[in-house]
Structure formats: structure tokens, C-alpha cells
Amino acid sequence: MDIFLIRLLQFMLAIGLLVLLHEGGHFFFSKLFGVRVEKFYLFFDPSIGKWDGSIFKWKPKKSDTQYGVGWLPLGGYCKIAGMIDESFDTEQMKQPEQPWEFRSKPAWQRLLIMIGGVLVNFLLALFIYSMILFYWGDTYIPVKDMTYGMKFNSEAKQYGFKDGDILVGTDQGAFKDFSADLFRDLSEAKRVDIIRNGKSMSLQLPGDINLLGMLKAEPAFVSPFIPAEIDSVMDASPAAKIGLRKGDKIIALNNKPIDSYNEFTNQIGILSDIMTGAKTTADSMKLRTVTMVVARESKTDTLTTMLTPDLKVGFFVKSLAGIYKPVTKEYGFFESFPAGIKYGFNVLAGYVGDMKYVFTADGAKSLGGFGAIGSLFPPMWDWYMFWKMTAFLSIILAFMNILPIPALDGGHVLFLFYEMITRRKPSETFMVRAEYVGFGILILLMVVANLNDILRWLGYM
């Protein structure tokens, strides 16, 4: 529960900050061009009976704007006078046009008002990335320094990879660290450079490996090779009860050879799949009883223990940072800005490139809602990860909002471009219908994404 609350607080703080600043972008340009903002809300406030849906509201004296917090935490909104938006306020549009309304302003001013939120979110992400680099620097483990090499699954081995290969780079450039960028480069590469048994060599790749399939594969398409050597043991755990200790090496599990911690976790995953077919408690306990062969000093021991219900043994191995020495590149204040901008654009390019998978069956299944987003935050409060995730969500929010879907900023921008090119405004009837269609699409996407979260939680995906 503590982990859930910590993640929830991080998620709510990040989303609240991003929504406020996004709507603040619309608010700023509206005020700049003399457009009246009637409501500025964090979260939506659909009324229920006689209640107007506001948890908090406040309207300063001599102000046209009511500020508040709604009860439905699905974003926020800035109700701009003389504009058809998610409030669907068509009565106002029947009145004579006023000079302080959105509809009375030149198209270029309306365009800036509409992209204000996206602009703020994107600039915010670049600023956060810059400040992360300035304060923490860029710490990573170079892939070329991972001297144990990599562990590959059967698909990767069909392309010629072998366990222990050290990845160097592709025809698109050298690898930096083990991240999603490495998978993207491999998926698009025609050539990959490796070191095998101390010798440099290259493998030919097709250039169109399915990235989503690589990321979702179990066991992983590629992962850093981690020795199955115990670093520490939890008290009162199955590992402690059978006397496992630091330095022990697991070389077999249930008669299956274990050459790495990667293989150990793979075998536990297979066991987890088999457990779903257990019909009785006795069946479950039988499956949870495992035999391990452990190498200790100059001898081997065969040990039997019962795993916990969630198939944990209760030991830890060294992390990558414990095996390899991370390097840190530090940035001065002014140096951090071009580096942060480059980093942000790289994140955006990767996200945009991955969007093509959304329109596939596997891509639709990979959509995640609030639960998936919240799980991206660490289980303990970590300001570095919090700001990194906030910057990433800010880029996502900016990109998603600029998509040409009615009810999103990008939909309004599309219609404004139409008006600027043809010199004709779309009719109010069309705009209202488009808003309803766009809002319906967004609700459908939200339902699918959050339903996926529920199905994953129930174990159906």
C-alpha cells in the first residue's frame, strides 16, 4: 500500500503540474490578446444534480475568471469566451460577437492561443531535462564496457547473435547505454558491430525487426548478461532457510542448466506460467518446491526449498551498477541547455517513431492508462526519477495534444489552418459535431487504455 501511495502521489503531482502549466499556456496567450477566460480548472467539473462539480472555486474581485478544482481527475481546462470547446457551450455562440471573444480575434492570434499549451509543455520538458543534466549530470554504463556481454533469446540468435557478444554499435552509430534507443537502433539496422571472444566482427540485420516484438519478448530479445551469483540474502526467506549465502553460484534449477541470472529468471517465468494451471493447493505447493544446484567454493550442493507464493527465493544479485562502474558526464549551467534540448528532441523522435505500432493489434494491447503511467514512477520517492518522468510525460502531453483530433488542441489548429488557407470559417454546427466526435474518440481511447491496465492486473494480458 505504501508503494501504491508513493506512486500515486508522484503521478498526481506530475499530472497536476503539467495540466496547470498546459492550461496556463492557453491562459497566457488569451490574456495577451485580450480574450476573456471564464474558467480555469484543474480537473473537470461535470455537475451532479444540484452540485456544480467544483471541489474548490474562487473568483477574484474585478476578474472575469473563475479558478477551481473539479472532481474528475482527467486533465483540466481553460474555458475561453467565444470558443466551442469541451464545455459545449453553444448558447454563448448564439449571442452577438464581442471584441473580447476568441472568435473575434485574427486567425494568427487564435492559433497562438491554441498552441500555447503544447508550447509550454514542450519547453517545460526541455527545461527539466536541461536542469537534470545540470544538477545530476548524465550517469550511465557504456554498453561497450559490459564485458560479460549480452544474453539473447532464440529470435536474436536466428540473426547470428551468441550469448556473451558485446554490442558496439550499428551502421547508425555507436551504442551509448542499454536503453530503448539500443532496441530502436537494432530494429532499424542493416549491420551491427560486436566483439565476440575478443575479436571485432559484424552481423547483417534485415533493417526492419519489429521493435514492439523486441521490447515485449520473454525472454528478452537482448539483455545485459548478469552472473547468477548471490550478493545478499533476505532474512527468513527460502534462500536463508537452506543456507544460501553471498558468493554462491546457481548452476541448475529443477535440472535445467543455469548459466546466468537471466536464465534463472526465465525459468522462474516458465514456472509461473505452469502455476496458472494448478488446480489445488497441493498442486501449487508441489510446483513451488524446487531443486537448485549451487556451486560453493570447490564443491557443489543440491538444495531443495519451497518458493514463496509469488515465486520468490529471497536473494539478490549485483545490479549492473554493482558489476560495472558507471560514468558520469557533468554539465555547466549554460552547457546543460543545448544538451537538454538534444536529449528532449531525441526522446520526442523515439516516441513519434514508436507511434506506428499503436495501429497494430499488439500496439493496441500495449496501450496503458493511469495505472500503467503511475507504475512508471519509482516505488520510493526519487526526485531524479520524478523529474525525468515528469519531463517525459510533458513531451507525451504536448505531442498527443497536437494530434489533429477534434477536441484536442491539434484539431482546433487544423481547422484554423483550413480557415487561414480558404479564408472561410467552418460552421458552428460543424465545429460542435466535430467536438463531439473528437471527445468520443478520446473517451474510447481512455476506456481501452484503462481496460488494458485492468486485464494486465488480472493476468489476462
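A crossing of two helices is called left-handed if the near helix is turned anticlockwise from the far one by less than a right angle, and right-handed if it is turned clockwise. The model examined here is a predicted one, in which local features need pLDDT of at least 70 and side-chain atom pairs count only at pLDDT 80 or more, whereas totals for chains, interfaces and linings use all residues. Residues are numbered from 1 along each chain as its sequence is written, and side-chain values use heavy atoms, with hydrogens and water left out.

Helix packing is described first. Two packed helices are described by the angle between their axes and the distance between the axes. Helices (H or I, at least four residues) and strands (E, at least two) are DSSP runs, numbered from the N terminus, and axes are lines fitted to C-alpha atoms, for helices over the stretch in contact, with angles running from 0 to 180 degrees between N-to-C directions. Helix 1 (residues 2-32) packs with helix 2 at an angle of about 140 degrees, the axes being 7 Å apart. Helix 1 is therefore oblique to helix 2 (angles under 35 degrees count as roughly parallel, over 145 as roughly antiparallel, 65 to 115 as roughly perpendicular and the rest as oblique). The crossing of these two helices, helix 1 and helix 2, is right-handed. Contact, meaning heavy atoms within 4.5 Å, involves residues of helix 1 including Leu18, Gly25 and Phe29, and residues of helix 2 including Gly116, Gly117 and Leu124.

Helix 1 also crosses helix 13 (residues 383-401) at roughly 45 degrees, and the two axes come within 10 Å. This angle makes helix 1 oblique to helix 13, and the crossing of helix 1 and helix 13 is right-handed. Among the residues that meet here are Leu13, Leu17 and His22 in helix 1, and Phe386, Trp387 and Leu397 in helix 13.

Aromatic side chains were examined next. Rings of Phe, Tyr and Trp (its six-membered ring) pair if their centres lie within 6.5 Å, and planes under 30 degrees apart count as stacked, over 60 as edge-to-face and the rest as tilted. A search of the whole structure finds 35 aromatic pairs. In one of them, the ring centres of Phe122 and Phe345 are 5.3 Å apart and the planes stand at 80 degrees, so the pair is edge-to-face. This pair links distant parts of the chain, with Phe122 in helix 2 (residues 107-135) and Phe345 in helix 10 (residues 333-354), 223 residues apart. Phe122 is buried at a relative accessible area of 18%, while Phe345, at 43%, counts as partly exposed (buried means under 20% relative accessible area, exposed over 50%, partly exposed in between, with a 1.4 Å probe and protein chains only).

Backbone geometry was considered last. Most residues other than glycine have a negative phi, and most peptide bonds are trans. Glu218 and Pro219, however, are joined by a cis peptide bond with omega about 0 degrees, and Pro219 lies in the loop between helix 5 (211-216) and strand 11 (222-224). Lys62, which is not a glycine, has a positive phi of about 60 degrees; Lys62 is placed in the loop between strand 2 (54-58) and strand 3 (66-70) and is exposed, with a relative accessible area of 90%.
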